[in-house]
Amino acid sequence: MDRIIQQLIKEVKKGDQQAFGELVELFKDRVYQLSYRMVGNVHEAQDIAQEAFLRAYTNIESYDSSRKFSTWLFRITTNLSIDRLRKKKPDYFLSDPISGSEGLTVQSQIAADQDLPEEQVVTIEMQEWIQDEINHLPPKYRSAIILKYIEDLSLKEISDILDLPVSTVKTRIHRGREALRKRMRNK
């Protein structure tokens with residue numbers, strides 16, 4: 001697979017836009033998932049994913065072919081996500097309570113389009129709760145936790161993506177886990 005990717009990159013550097021389209025096809029889902037898990041918003045994640053590919057295309061000459069392309073692309077995506085989080089204004093969420101009501105949320109007032117089995121609902125709620133707790137972590141811990149536990153990357157790959165020593169990545173993962181543990185115990 002790495003050979004195919006390297007060949008596509010060579011073709012892109014020669015100006016072959018179709019080869020870049022193939023790279024996008026190979027990585028679009030993982031780039032979107034990474035950005036979504038970082039920012040927690042579908043539309044922003046789509047924008048970030050699109051921007052990540054645009055930056056990768058315009059900066060393809062700076063890509064070091066001795067390293068994995070995915071690491072380079074994920075670094076671009078992570079940096080864009082962190083930048084977006086820093087600039088972000090407070091959001092309003094469907095889970096926010098409706099003022100003047102007792103425990104009602106916007107989401108609770110939206111009609112469901114289909115009934116879900118109880119187990120699926122519990123699973124979905126648990127995933128949303130965990131993702132919400134991850135979203136409350138500082139970006140430096142959030143990125144390390146997402147890359148490690150959701151994207152299932154190695155410490156070395158995370159180190160390359162975040163441009164940090166492995167020891168710092170380990171520390172951020174540990175501190176992020178501890179912060180998550182504290183937040184989840186207090187709920």
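**A bent helix and the core around it**

Helix α2 has 23 residues, yet its end C-alpha atoms are only 29 Å apart, short of the 33 Å that a straight helix would reach at 1.5 Å a residue. That expected span is 1.5 Å times one less than the number of residues. The model is predicted, with local features needing pLDDT of at least 70 and side-chain atom pairs counting only at pLDDT 80 or more, while totals for chains, interfaces and linings use all residues. Residues are numbered from 1 along each chain as its sequence is written, and side-chain values use heavy atoms, with hydrogens and water left out.

Where does α2 kink? A kink of about 55 degrees is centred on Phe27; the bend at a residue is the angle between axes fitted to the seven residues ending there and the seven starting there. At the start of α2, a side-chain oxygen of Asp16 comes within 3.0 Å of the backbone nitrogen of Gln18. Just after α2, Gly40 has a positive phi of about 70 degrees.

The protein chain as a whole has eight helices and zero strands. Both are DSSP runs numbered from the N terminus: helices are H or I with at least four residues, strands E with at least two. Of the 187 residues in the protein chain, 32% are buried, where buried means under 20% relative accessible area, exposed over 50%, and partly exposed in between (1.4 Å probe, protein chains only). Contact means heavy atoms within 4.5 Å. Among contacts between residues at least 6 apart in sequence, 58% join residues at least 24 apart.

The buried residues of α2 are Ala19, Phe20, Leu23, Phe27, Val31, Leu34, Ser35, Met38 and Val39. In the largest nonpolar core, which has 43 residues, Leu23, Phe27, Val31 and Phe69 touch the most other members. Such a core is a set of buried Ala, Val, Leu, Ile, Met, Phe, Trp, Tyr and Cys residues joined through side-chain atoms within 4.5 Å. The elements giving two or more residues to this core include α1 (2–13), α2 (17–39), α4 (69–87) and α8 (166–185). Not counting residues up to four places away in sequence, Phe27 touches Ile5, Phe53, Phe69, Ser70 and Leu73.

Helix α4 also holds Thr71. Is Thr71 buried or exposed? Thr71 counts as buried because its relative accessibility is 8%. Leaving aside neighbours within four places in sequence, Thr71 is in contact with Glu157, Asp160 and Ile161.

Notes. Polar contact = N/O pair within 3.5 Å; in protein donor to acceptor, adjacent residues only side chain to side chain.
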